[in-house]
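The report that follows walks through one structure, moving from individual residues to the surroundings of the ligand. Please keep the sequence and the three-dimensional view at hand while reading.

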Amino acid sequence: KKYKQGMEKTRHSFSGKINDLIARYRKVDEDFFEELEEVLISADVGVNTVMSLVDELKMEVKRQNIKDTKEMKDVISEKLVEIYYGDDDEEVEELNLQEDGLSVILVVGVNGVGKTTSIGKLAHQLKREGKNVVLAAGDTFRAGAIEQLDIWGERADADVIKQSEGSDPAAVIFDGIKSAKSRNADVLICDTAGRLQNKVNLMNELAKVKRVIEREIPGAPHEVLMVLDATTGQNALSQAKTFSEATDVSGIVLTKLDGTAKGGIVLAIRNELQIPVKFAGLGEKIEDLQKFDAHAFVYGLFA
Ligand code: GDP
């Protein structure tokens with residue numbers, strides 16, 4: 001239900017176009033597939049992903065001897081879900097958190113994508129699940145970043161560990177780990193800087209932060225979440241590539257899905273980078289974060 005509301009724009013444009021296509025063509029033929037390709041590409045599903053999807057669809061149509069376009073909705077939904085998961089099991093990909101002891105989540109992403117907001121929402125969600133959550137203000141570079149995280153910490157009722165602007169992010173994270181441990185916290189969520197003007201510095205900084213976490217807690221970070229803005233479309237995909245070259249990203253938080261008709265980017269990201277989308281941002285409020293469920297997402301597109 002949340003998806004249906006949050007994904008209104010994508011849903012309207014996508015299901016509208018598909019329904020229109022089905023009504024106009026009736027018969028499944030080459031022209032139908034060609035227009036279907038256009039619809040998918042305009043929803044930002046990504047050219048490579050669309051090509052493999054359409055190939056699969058053509059094979060399925062042959063196999064099942066489908067003639068009527070009305071039958072295509074189900075086949076398209078099924079294939080979209082299949083394409084999303086690739087060779088992996090078709091189940092919701094949950095956060096990898098420890099049963100006992102402290103779990104560390106490192107959050108990366110370019111300024112403006114919704115990183116701070118997502119950290120606040122995630123903290124809120126974990127708190128509601130009964131977990132004790134601490135935040136570490138590791139973005140010491142951007143003016144106002146620390147204060148902004150503080151505000152979200154207050155909203156989510158999570159302690160924020162911070163130092164002054166310009167201090168060493170690795171030192172802040174080190175502090176965060178110590179404080180989280182002494183508070184017996186379940187989860188430490190670490191913010192990081194997101195300036196992309198100096199890519200090499202940023203990547204070095206991330207690597208250093210990660211080394212500190214690895215040294216302090218074997219097996220950590222348990223998650224490296226990359227925050228991407230769905231409204232930037234294919235640009236989000238190239239940001240994702242840059243970050244995943246520098247650090248192992250274990251999951252994606254795709255924000256602002258409520259603000260775009262191009263929600264198909266979810267499928268492109270998963271299919272082209274093999275990184276699961278773990279959360280979807282569907283608004284600016286603290287509760288507007290959903291665990292990403294590809295079935296609900298895809299079937300929601302046709303609802
Ligand atoms: P950061 O620079 O990456 O930390 O970005 P912020 O967390 O400050 O967010 C930037 C803007 O995006 C703010 O105005 C947020 O309210 C907005 N925002 C974040 N997530 C979402 C979302 O899922 N949907 C919408 N509509 N806006 C969002």
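## Y84 and helix α5

Y84 has its place in helix α5, which covers residues 72–85. The model discussed here is a predicted one, and all values given below are computed from it. Y84 has a relative accessible area of 1%, and because the limit for a buried residue is under 20%, Y84 is classed as buried. The chain positions of Y84 and I161 are 77 residues apart, and their C-alpha atoms are separated by 37 Å.

## I151 in helix α7

I151 belongs to helix α7, which is made up of residues 145–156. With a relative accessibility of 44%, I151 counts as partly exposed, because that class takes in the values between under 20% for buried and over 50% for exposed. Between the C-alpha atoms of I151 and G166, which are 15 residues apart along the chain, the separation is 19 Å.

## Backbone features in the loops

Where does N65 lie? N65 is found in the loop between α4 (47–64) and α5, and its phi is near 55 degrees, a positive value in a residue other than glycine. N65 counts as exposed because its relative accessibility is 52%, and the cut-off for that class is over 50%.

K256, in the loop between β6 (251–255) and α11, also has a positive phi in a residue other than glycine, here near 60 degrees. With 31% relative accessibility, K256 counts as partly exposed. A further backbone feature is the cis peptide bond that joins A220 and P221, for which omega is about -5 degrees; P221 itself has its place in the loop between α9 (199–216) and β5 (223–229).

## Helix α11

Is helix α11 mostly covered or mostly open? Helix α11, residues 265–273, is mostly covered, with seven of its nine residues buried. The buried residues in α11 are I265, V266, L267, A268, I269, R270 and L273, a list that includes the charged residue R270. After α11 comes Q274, which has a positive phi near 55 degrees.

## The ligand and its shell

Which pocket holds the ligand? The ligand sits in the largest pocket, and there are 18 residues around the ligand, of which G112, K115, T116, T117 and E284 come nearest. By class, this shell has nine polar, six charged and three nonpolar residues. Helix α6, residues 115–128, supplies four residues, the largest share of the shell around the ligand.

A polar backbone atom of G112 is 2.7 Å from an oxygen atom of the ligand, and for a polar backbone atom of G114 the corresponding distance to an oxygen atom of the ligand is 2.9 Å. From a side chain, a polar atom of K121 lies 3.4 Å from an oxygen atom of the ligand. Taken alone, the ligand exposes 580 Å², and the protein buries 79% of that area.

Methods: Residues are numbered from 1 along each chain as its sequence is written. This is a predicted model: local features need pLDDT of at least 70, side-chain atom pairs count only at pLDDT 80 or more; totals for chains, interfaces and linings use all residues. Side-chain values use heavy atoms; hydrogens and water are left out. A residue is near a molecule or strand if one of its heavy atoms lies within 4 Å of it. A polar contact is a pair of N or O atoms within 3.5 Å; within protein, one must be able to donate a hydrogen and the other to accept it, and residues adjacent in sequence count only if both atoms are side-chain atoms. Accessible areas come from the Shrake-Rupley method with a 1.4 Å probe; for residues, only the protein chains shown count as cover. On a 1 Å grid over the protein atoms alone, a cavity is a set of points where a 1.4 Å probe fits but cannot get out, and a pocket is an open set with protein on both sides within 12 Å along at least five of seven lines; lining residues have an atom within 4 Å of a point. A molecule sits in a cavity or pocket if more than half of its atoms lie within 2 Å of its grid points. Helices (H or I, at least four residues) and strands (E, at least two) are DSSP runs, numbered from the N terminus. Buried means under 20% relative accessible area, exposed over 50%, partly exposed in between (1.4 Å probe, protein chains only).
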